[in-house]
Amino acid sequence: MFIVSLTYISEMPEIDKYLEAHIEYLDKYYEVGIFLASGRKVPRNGGVILAQAENLDELEVILNYDPFKIHNLANYEITEFVPSKTVPELAFLIQ
């Protein structure tokens with residue numbers, strides 16, 4: 001399990017220019033079960049993605065397809081963690 005924290009390094013008009021492509025990218029990896037949750041930071045200076053990948057290498061390859069990364073619009077910080085406790089609705093996250 002990984003928490004991906006994006007921090008924008010570009011102005012918002014440039015972010016907004018690629019937002020639709022970024023959302024399509026997210027949708028693709030939701031469909032295959034890699035991304036589990038995502039959203040904007042408050043204030044809007046980046047975003048967060050909760051991802052479930054086999055390993056860090058696999059996730060880094062996937063992140064390389066993000067239009068925000070392709071166009072150097074954000075920095076990415078990845079934190080790996082092992083879920084050990086959840087609410088019943090998220091019990092599937094515990095390995």
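Arg 44 counts as partly exposed because its relative accessibility is 28%; here buried means under 20% relative accessible area, exposed over 50%, and partly exposed in between, with a 1.4 Å probe and protein chains only. The model is predicted: local features need pLDDT of at least 70, side-chain atom pairs count only at pLDDT 80 or more, and totals for chains, interfaces and linings use all residues. Residues are numbered from 1 along each chain as its sequence is written, and side-chain values use heavy atoms, with hydrogens and water left out.

**Overall fold**

- The chain contains 4 helices and 4 strands, where helices (H or I, at least four residues) and strands (E, at least two) are DSSP runs numbered from the N terminus.
- In sequence order these elements give the pattern β-α-α-β-β-α-α-β.
- Along the principal axes, the C-alpha atoms fill a box of roughly 40 × 25 × 20 Å.
- Contacts (heavy atoms within 4.5 Å) between residues at least 6 apart in sequence join residues at least 24 apart in 66% of cases.

**Surface and charge**

- Of the 95 residues, 34% count as buried.
- The accessible surface comes to about 6100 Å², and 54% of this belongs to carbon and sulfur atoms; areas come from the Shrake-Rupley method with a 1.4 Å probe, and for residues only the protein chains shown count as cover.
- There are 7 positive and 15 negative side chains, and the centres of the two sets lie 6 Å apart.
- In this count Lys and Arg are positive and Asp and Glu negative, while His and the chain ends are not counted; each charge is placed at NZ of Lys, CZ of Arg, CG of Asp or CD of Glu.

- The structure holds 1 salt bridge, defined as a side-chain nitrogen of Lys or Arg within 4 Å of a carboxyl oxygen of Asp or Glu.
- Asp 16 and Arg 44 form this kind of pair, with their closest N and O atoms 2.8 Å apart.
- The pair links distant parts of the chain, 28 residues apart: Asp 16 belongs to helix 1 (residues 12-17), and Arg 44 to the loop between strand 2 (35-40) and strand 3 (46-51).
- Asp 16 is partly exposed, at 40% relative accessibility.
- Pro 43 is also placed in the loop between strand 2 and strand 3, and the peptide bond from Val 42 to Pro 43 is cis, with omega near 5°.
- Most residues other than glycine have a negative phi, and most peptide bonds are trans.

**The loop between helix 4 and strand 4**

- Asn 72 lies in the loop between helix 4 and strand 4 and has a positive phi of about 55° although it is not a glycine.
- With a relative accessible area of 54%, Asn 72 is exposed.
- Leu 73 is placed in the loop between helix 4 (67-70) and strand 4 (74-80), and counts as buried at 2% relative accessibility.
- Not counting residues up to four places away in sequence, Leu 73 touches Thr 7, Tyr 8, Ile 9, Ser 10, Glu 14, Ile 15, Tyr 18 and Phe 68.

- His 22 is in helix 2 (residues 19-31) and is buried, at 9% relative accessible area.
- Beyond four places in sequence, His 22 touches Leu 6, Asp 66, Pro 67 and Phe 68.
- Leu 59 is in helix 3 (residues 56-63) and is buried, with a relative accessible area of 0%.
- Leaving out residues up to four places away, Leu 59 touches Phe 2, Val 4, Phe 35, Ala 51, Ala 53 and Ile 78.
- Leu 59 and His 22 are 37 residues apart in sequence, and their C-alpha atoms are 16 Å apart.

**The segment after strand 4**

- Leu 93 lies in the segment after strand 4 and counts as buried at 8% relative accessibility.
- Apart from neighbours within four places in sequence, Leu 93 is in contact with Met 1, Leu 36, Gln 52, Pro 83 and Thr 86.
- Leu 93 and Val 82 are 11 residues apart in sequence and 8.9 Å apart in space, C-alpha to C-alpha.
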